[in-house]
Amino acid sequence: MLSRVATWGSLLRQAAEAGLRLLTQQTQQRERRAPAKRTSETKERSARPRPSAGRARTAPSQDRARKVAYAPDLDGAADPGEIVWTWVPYEEDDGRGKDRPVLVVGREGRDLVGLMLSSQSERADDRSWVGIGAGRWDGQGRPSYVRLDRVIEVPEHEIRREGAVLDESRFDRVADELRSRYGWT
């Protein structure tokens with residue numbers, strides 16, 4: 001009986017050693033095939049959000065007066081009244097931009113119509129922005145401001161993620177400003 005235990009013990013030890021050798025070989029092969037390590041500059045550059053082929057478009061709010069509606073539904077698709085994240089071009093329209101929260105205020109076909117958000121406190125005194133307070137879309141709980149004079153039109157498939165639903169009273173404050181200042185309905 002003792003010889004059988006010793007045999008099973010040595011058999012298990014050999015199997016474990018073979019498994020470890022196999023795993024080590026696979027790891028070494030992956031490391032040889034892996035691309036060279038990137039520098040911090042390369043990492044920083046590739047981490048920046050890039051627009052997809054469709055690109056979000058921007059326009060002055062008075063040129064894009066539309067119907068504003070409140071109809072949130074956290075179903076995986078972006079709806080008016082929700083704050084979503086998407087790539088937004090800079091005003092210079094030079095191909096650069098950044099990922100940022102956008103309040104969806106309407107739709108036009110497959111495109112969403114939105115207004116960008118900012119948490120920069122100097123927006124509080126700017127007439128082009130309206131405060132909506134803090135919400136789940138900002139991980140640091142900072143008060144946010146919605147830019148009223150610049151509309152973001154983005155294809156629905158370019159929304160990166162849903163952030164939160166803006167409550168109806170705060171959405172109505174934004175909608176009222178769009179109606180009174182820019183002729184939205």
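Guide: Strands first: two of them pair if DSSP finds at least two bridges between them. Helices (H or I, at least four residues) and strands (E, at least two) are DSSP runs, numbered from the N terminus. By that rule β2 (residues 82–89) and β3 are antiparallel partners joined over seven bridges. This is a predicted model, in which local features need pLDDT of at least 70 and side-chain atom pairs count only at pLDDT 80 or more, while totals for chains, interfaces and linings use all residues. Residues are numbered from 1 along each chain as its sequence is written, and side-chain values use heavy atoms, leaving out hydrogens and water.

Visitor: OK. What is the bridge partner of W87 in β3?

Guide: D99.

Visitor: And how do β3 and β4 pair?

Guide: Antiparallel as well, over six bridges. One of them joins V104 to G114 in β4. The β3–β4 hairpin has two residues between its strands, and G109 there takes a positive phi near 65 degrees.

Visitor: Step back a bit. How many helices and strands are in the protein chain?

Guide: Three helices and seven strands. Along the sequence they run α-α-β-β-β-β-β-β-β-α.

Visitor: Where is confidence lowest, and where is it highest?

Guide: pLDDT is the predictor's confidence in each residue, from 0 to 100. Helix α2 (residues 40–47) has the lowest, at a mean of 38, and β5 the highest, at 97. Residues 34–54 stay under 50, and the model gives that stretch twelve contacts beyond four places in sequence; a contact means heavy atoms within 4.5 Å. Over the protein chain the average is 78, with 70% of the residues scoring at least 70.

Visitor: Now the inside. Which residues have the most contacts inside the largest nonpolar core?

Guide: L103, V105, V174 and L178, in a core of 21 residues. Such a core is a set of buried Ala, Val, Leu, Ile, Met, Phe, Trp, Tyr and Cys residues joined through side-chain atoms within 4.5 Å. Buried is under 20% relative accessible area, exposed over 50%, and partly exposed in between (1.4 Å probe, protein chains only).

Visitor: Which elements supply at least two residues of this core each?

Guide: β3 (97–108), β4 (111–118), β5 (129–133), β6 and α3 (168–182). The largest share, five residues, is from α3. There is also a second, separate core of 13 residues, including A78, V104, L112 and M116.

Visitor: Back to L178. What is it in contact with?

Guide: Beyond its neighbours within four places in sequence, L178 contacts S61, V68, V105, L115, L148, G183 and W184.

Visitor: What about S144, buried or exposed?

Guide: Buried, because its relative accessible area is 2%. S144 lies in strand β6 (residues 144–155), and its side chain makes a polar contact with that of W137 at 2.8 Å. A polar contact is a pair of N or O atoms within 3.5 Å; within protein, one must be able to donate a hydrogen and the other to accept it, and residues adjacent in sequence count only if both atoms are side-chain atoms.

Visitor: Last one. How many aromatic pairs does the structure hold?

Guide: One. Y70 and F171 form a tilted pair, 5.1 Å centre to centre with 55 degrees between the planes. Rings of Phe, Tyr and Trp (its six-membered ring) pair if their centres lie within 6.5 Å; planes under 30 degrees apart are stacked, over 60 edge-to-face, and the rest tilted. Y70 sits in the loop between β1 (57–60) and β2, and F171 in helix α3, 101 residues apart. F171 is buried at 2%, whereas Y70 is partly exposed at 27%.
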